[in-house]
Each structure stands twice: as C-alpha cells, then as structure tokens.
Amino acid sequence: CWVLTSGEAGTVGQALGLAEALGFPQPEVKRAGLRWPWVWAPNRAALASLAAADAGADPLQPPWPDVLISCGRKGAFLSMAVRKAAAGKTRTVHIQDPGGDSRAYDLVIVPAHDDMRGDNVLVSRGALHRVNARRLAAEAGNWRSATAHLPRPLVAVLVGGSNRHYRMDAPWARHFGAQLVAMARAKGCGLLVTPSRRTPPGVMAEIEAALKDLPAVLWNGKGDNPYFGYLALADTIIATCDSVSMISEALSTGKPVLLARLAGASRRFQRFFDALERDGFIRWFDGALEAWPNAKFDDMGAIAVTRDGKRGFEL
C-alpha cells in the first residue's frame, strides 16, 4: 500500500488512518508534488502523467502497489497517473473531492459537507483519521505521569491556525486565553494545550502568558507530540473551529467537544457544524466548561474495512 499526499498533516493523517484501518500498518508514505505546467492543469485523467511529479516528489515507479490511497489535489492528480501506468494492477482510493471525475479512481471518499456524489463515492460525516482505541490506550499510558499533577476535570485544548477561511491572531488569542482562565478558575480544571503546525507563534505566546499561573501543560512543539495522549486523558475537549480533521479526531473519542469560534466563515464548514450541532455532537465554547454524555463519532468504523471484507468497502 502507498499513501500519497503533498505532506500536510491533515491529509497525511487521513490517508494513514484509512491504510491502517484497512490492515496496512506500515504503508509506504510518498510526497506528491507537481511541476509546471501540470500544477495549473485541471484534474483530468487524460492529462495525468508521471512526468508531472516535481523534482522534490518521491519517485513513483514499479513495482506498483496493490492499493494507493491519496488525499489532496496533488495526490489526486498523481493517483490518476499511477492508475494509468499500472494498467489495472493498482486499486486507487482518493480521500476528499478530487476536483474531477470520480470515475478516474476506483473509489472516492468525501465528507458529507462536500457536494460530490456518485456510484463509486462513499460519504463520511467528517474527516478520516488515525484515532482508535488501541492508539489512545497506548498514548494515555505514555503521558499519564507527565500530567498526573493536574486537577480534574482535564480539558484538552487543541489550537489550530489560520487558513483561507478563518483567521487566528494575537487579539483572538488574548480573548481565548482570558476565556480559558475564567473557565479554569470557575471549575478548578487542569488544561492540556497543544498547538498545530499552523499555529502562529504569537498566538501560543499569548495563550502561554495567560495561563502561566494556572494548572496547565502546554506543548512547545519540541520532543514527542502529546496530541493523542491529550485526547485520551481529557474529560472534555476544546478545539478551534478551523480544521475538520482536528474536530473529527476529537469527536472520535466520544467525549464532549466544545468548538472555539474564529473570525471568518465557510459554507462547507458551516454545513459540517450545523450537522454536528443538530445531532448533539458539539457545543460552542463561550468561556464556560460544559459536559454531556456524547456519542462516539465513528466514521472509520463505518467507512473502513479490514482486509477480510466484513464491512464498509472491499478492495
């Protein structure tokens, strides 16, 4: 099995999560990149060529894999090229709307807030991911001693970053930090705070300054990433609203999930939020800690299938 993406954490995580759920624990991870003029080309099978890969991309050459899982536009384009070159020897699965005809792949998996539908299109409620009971149990063990001094309830705070839809800046961080302070003092809770690769340094500096006198652990981006451990150990999760992947991962734990608003808007994101709020999976964070018996948001169990073909789809 190959996993083919342009390397962003969100796309890699989705593709690896599907590979692992399908029974490929160590897929070959390849970085996709496109050279000119293909970087501007529409995603059409007729235009797909292995020559489109840029100099920094990983080589795509025989022996071809049995299964190729791609995610993101660049991965989608090169997946078509591999499928063509392999002459039917490789089954291709693309995650997210590829921006072209779904029939250029053996299977396409899209979240419900995307518009693509078709005979070979499976629809998930959110993003695919790598969160599962075994990983959470292992990571909880790895991080329990480092967080044992914090009071309960434990609240994991997942901080994303700016993107083309939402803006995260220092004024927002000061407001968010003040909300966390008020919540921690009112409820006596401990905080586990982790940024993403997209989090602006100034934002984390503001949050760290706000929480300096509180029972909180903030990951500084160095050493082992505690992300899965924090998900496992938390009683409640607060996540910023800029990442469908991050929200889906939080919801897969079955714990209460509060979303922190950012400046900006997106029709697709709003459709996602509306569905989650309607079904009781999320509430919006306004500075108060809330807890409720949440249901588990299990897209991986509904979409993926082990290689014995018992459920989901069979490759």
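Analyst: Gladly! Let us start with Gln96, which is partly exposed at a relative accessible area of 27%. Please keep in mind that this is a predicted model.

User: Why is Gln96 called partly exposed?

Analyst: Buried means under 20% and exposed means over 50%, with partly exposed in between. Gln96 has 27%, so it belongs to the class in between. This residue sits in the loop between E4 and E5, and its phi is positive, about 85°, although Gln96 is not a glycine.

User: What makes Ala87 count as exposed?

Analyst: Its relative accessibility is 65%. The label exposed asks for over 50%, so Ala87 qualifies. Ala87 is part of the loop between H2 and E4, and its phi, near 50°, is a positive value in a residue other than glycine.

User: How do you know whether Asp114 is buried or exposed?

Analyst: Asp114 has 7% relative accessibility, and buried means under 20%, so Asp114 is buried. You will find Asp114 in the loop between E5 and E6.

User: What makes the link between Asp114 and Arg268 a polar contact?

Analyst: The side chains of Asp114 and Arg268 are joined at 2.6 Å. Leaving aside neighbours within four places in sequence, Asp114 is in contact with Asp97, Arg268 and Arg271.

User: Why are E4 and E5 said to pair?

Analyst: Pairing requires at least two bridges, and strand E4 (residues 91-95) and strand E5 (residues 107-111) have three, so they pair, here in the parallel sense. Along this pairing, Val93 stands opposite Leu107, and Ile95 faces Ile109. On E3, Val67 stands opposite Arg91 in E4; E3 and E4 are joined over five bridges, also in the parallel sense.

User: What makes E2 and E6 the edge strands?

Analyst: The open sheet has six strands in the order E2-E1-E3-E4-E5-E6, with parallel pairing. Strand E2 (28-31) and strand E6 (121-124) each pair on one side only. On average, neighbouring strands of this sheet are turned by 20° against each other, direction ignored.

User: How do you know that E4 is mostly covered?

Analyst: Four of the five residues in E4 are buried. Helix H2 (residues 73-86) lies across strand E1 (2-5), strand E3 (67-71) and E4, and H2 runs at about 160° to E3. E3, H2 and E4 together make a right-handed β-α-β unit.

User: Which residues touch the most other members of the largest nonpolar core?

Analyst: They are Phe176, Leu191 and Ile207, in a core of 61 residues. Helix H4 (residues 170-187) contributes the most to this core, with seven residues. A second, separate core has 25 residues, including Ala32, Leu34, Ala52 and Phe77. In soluble globular proteins, nonpolar side chains tend to be buried together.

User: What does Phe176 touch?

Analyst: Not counting residues up to four places away in sequence, Phe176 touches Val157, Val159, Ile207, Ile238, Ala260 and Phe285.

User: Where are the cis peptide bonds between Trp36 and Pro37 and between Pro62 and Pro63?

Analyst: Pro37 lies in the loop between E2 and E3, and Pro63 is found in the loop between E2 and E3. Omega is about 5° for the bond joining Trp36 and Pro37, and about 5° for the one joining Pro62 and Pro63.

Methods:
Residues are numbered from 1 along each chain as its sequence is written. This is a predicted model: local features need pLDDT of at least 70, side-chain atom pairs count only at pLDDT 80 or more; totals for chains, interfaces and linings use all residues. Side-chain values use heavy atoms; hydrogens and water are left out. A nonpolar core is a set of buried Ala, Val, Leu, Ile, Met, Phe, Trp, Tyr and Cys residues joined through side-chain atoms within 4.5 Å. Buried means under 20% relative accessible area, exposed over 50%, partly exposed in between (1.4 Å probe, protein chains only). Contact means heavy atoms within 4.5 Å. Axes are lines fitted to C-alpha atoms, for helices over the stretch in contact, and angles run from 0 to 180 degrees between N-to-C directions. A crossover is right-handed if, with the strands pointing away from the viewer, the path from the first strand over the helix to the second runs clockwise. A polar contact is a pair of N or O atoms within 3.5 Å; within protein, one must be able to donate a hydrogen and the other to accept it, and residues adjacent in sequence count only if both atoms are side-chain atoms.
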